[in-house]
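My entries follow in the order in which I looked things up.

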Number of protein chains: 2
Amino acid sequence: MATGIGIDVGGTKILGVRLIDGEVDHVSKCNTPSTGGPGAVIEAIVETAQQLLVPEATAIGIGAPGPVVPGSGQMGPATNLTGWDRPIDIAGPLGSELGLPVVVENDTNAAAAAEHRTGAGQGSTDMLALWLGTGVGGGLVLDGQLRRGKGLAGEIGHVVVQPGGRRCGCGGVGHLEAYAGRAAIEREARRRHDSGEKTLLVELAGTRRMKSSLFVEALERGDEIAGELLGEAVGAVGAAVADIELVLDLDRVVLGGGVANRLGPYFVDGIRRTAGRGFGHIDLEVVLAELGDHAGAVGAAVLALDTARGA
Amino acid sequence: MATGIGIDVGGTKILGVRLIDGEVDHVSKCNTPSTGGPGAVIEAIVETAQQLLVPEATAIGIGAPGPVVPGSGQMGPATNLTGWDRPIDIAGPLGSELGLPVVVENDTNAAAAAEHRTGAGQGSTDMLALWLGTGVGGGLVLDGQLRRGKGLAGEIGHVVVQPGGRRCGCGGVGHLEAYAGRAAIEREARRRHDSGEKTLLVELAGTRRMKSSLFVEALERGDEIAGELLGEAVGAVGAAVADIELVLDLDRVVLGGGVANRLGPYFVDGIRRTAGRGFGHIDLEVVLAELGDHAGAVGAAVLALDTARGA
């Protein structure tokens, strides 16, 4: 019997779970305060945790956006949280407020750990979790353990898949995220539309954010630009996966995030094909994530429970 | 006090060391038999081991070319050993002949372990060893442990650095080895020379193998093609290192092999520059290997001693 609390701190919402023996027992969420700076966000985290706390709980995990130095208890800098422009200790204040040990982990790493322990990665020894959302993130499990490095491991979104290629949101050139992130696909679709290559993607979205569900609709209606952009996205992910597979000899890739959820089989089949092309001997399962939006919070709880029992 | 024997089985020579407390106490080598098939090679390995055996020795490690399934005791297939076209158990026969436990490891992985334990990788936690020779190989140490995967980890020579680029000896396209391996550089220099772009590389080499020392000479004499090809080699290695760094968050890269030995500072400086360009935050030491030709044999001995004592 192990009970823990996990809280995923995102740019738009804070999502908490109470995890009992690997199962989500209760969920609590609220909007992330957009005013009031770090103080307001910390207050919202405390409130979310308090709603989930039970006497049996032994640890609290925080899934934090941005890099986290392992064991530091700090969160930030986080570009999607207003005013959070530096590392701030949150394990200390949360711990004294809530009376339990608090562990801070990078959110995409936490989500990878969750899929490995209780989701689509179960039984895998060496796994890459790839999150295709607004941007592209990742987490690695090697020899059954989350790979944290100095806090930056798994930054797969910024590997170069096309030297001299498309510009990434980070300023770099030819990065995976510039081809496979939702925001980058939207940017490129609008650029082409503006230059005369009309696409349903822009006609359907208008001035609103181009959701992943719209990618599906445009594909199904045979839109050429959508086919091209999503084909490039799949190719880019496949190429990155093939290279990582060569270096690390993985046994499974778990695909999650908004884009993967909407376009699951399209991505899974395409990546199997593309990743296999590179070297021939690739023997790798490619599967979809199972925990959806809960992965970050579940993983934070799992990792906090590990730390609390000295694992 | 720990004494072990390590034997590196290469395509041209078999090199053995007696390792006492991490120091090479004695070296023995012979040419690799090119006739007589696997039987002749195994006999030569036994003979080399016997010359190094002392009563204090507790384990024998073999550094084998090609993939090795961890714990299998098998070596092969090995394209550079005549007639060795399948995995063959060598731990069994060698063990009974020599009366000691025998461990088989991939040679580039063994060399990485050696540099980590007794060479340029000492003190590093997360290290990539990159061997620039006829081909390009690698080995990874993560969290202080050699990363073996299912036997293929560290195959960095075949990551794609230039989609649609130069053809690799393996048949793939745009692989790192196609830009940074000695044989590939020679191939490209001859191709260009034949098509009219004259280069000292070919003029100096004639029909003989183009040695790494010749790269140095041509560079020093300002040969344009040599400058271009070696610039591309450095760029390719830098790009691959930057991507691996992003995914794994390493702290050190150790460069070894014939090409790196001859062109050490040229590569080290170039890679520091190129790898840093990709993402900005890269904080990584790039250093030259220290153990030279002994690395594979030393590493095989180190890993065999680890296994013998159950580490």
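**Entry 1: charged pairs across the interface.** I searched the interface of chain A and chain B for salt bridges, and the rule finds four of them. The model is a predicted one, and I treat each distance as a computed value. I looked up one pair: D126(A) forms a salt bridge with R147(B), and their closest N and O atoms are 2.9 Å apart.

**Entry 2: which elements supply the contact.** I asked which elements of chain A each supply at least two residues of the side that touches chain B. They are strand 9 (136-142) and helix 8 (224-248). Helix 8 of chain A gives the most to this side, with six residues. By class, I find 16 nonpolar, eight polar and eleven charged residues on the side of chain A that touches chain B.

**Entry 3: extent of the contact.** I noted that 35 residues from chain A and 35 residues from chain B take part in the contact. An interface is often described by the accessible area lost when the parts come together. Here chain A and chain B bury about 2,600 Å² between them, and 55% of it lies on carbon and sulfur atoms. In chain A, the residues that lose the most area to chain B are R147(A), V247(A) and D249(A), which together account for 25% of what that side buries.

Entry 4: How are the two copies related? I found that a rotation of 180° with 0.0 Å of shift along its axis superposes chain A on chain B, with an RMSD of 0.0 Å. The copies are thus related as by a two-fold rotation axis. Q162(A) is the residue of chain A that comes closest to the rotation axis, its C-alpha being at 3.5 Å. I also noted that 100% of the interface residues of chain A are interface residues in chain B too, so the copies meet through the same surface.

**Entry 5: backbone details.** I looked up the peptide bond from G76(A) to P77(A), which is cis, with omega near 5°. P77(A) is found in the loop between strand 5 (74-75) and strand 6 (88-89) of chain A. In chain B, the bond from G76(B) to P77(B) is cis, with omega near 0°.

I then checked phi. D249(B) is not a glycine, yet its phi is positive, at about 55°. D249(B) lies in the loop between helix 8 (224-248) and strand 11 (252-256) of chain B. Is D249(B) buried or exposed? D249(B) is buried, with a relative accessible area of 2%.

Technical notes: Residues are numbered from 1 along each chain as its sequence is written. Chains are lettered from A and ligands numbered from 1 in the order in which they are written. This is a predicted model: local features need pLDDT of at least 70, side-chain atom pairs count only at pLDDT 80 or more; totals for chains, interfaces and linings use all residues. Side-chain values use heavy atoms; hydrogens and water are left out. Copies are superposed by least squares on the C-alpha atoms of residues with pLDDT of at least 70 in both. Contact means heavy atoms within 4.5 Å. Buried area is the accessible area (1.4 Å probe) that two parts lose on being put together, summed over both. A salt bridge is a side-chain nitrogen of Lys or Arg within 4 Å of a carboxyl oxygen of Asp or Glu. Helices (H or I, at least four residues) and strands (E, at least two) are DSSP runs, numbered from the N terminus. Ala, Val, Leu, Ile, Met, Phe, Trp, Tyr, Cys and Pro count as nonpolar, Asp, Glu, Lys and Arg as charged, and the others, Gly among them, as polar. Buried means under 20% relative accessible area, exposed over 50%, partly exposed in between (1.4 Å probe, protein chains only).
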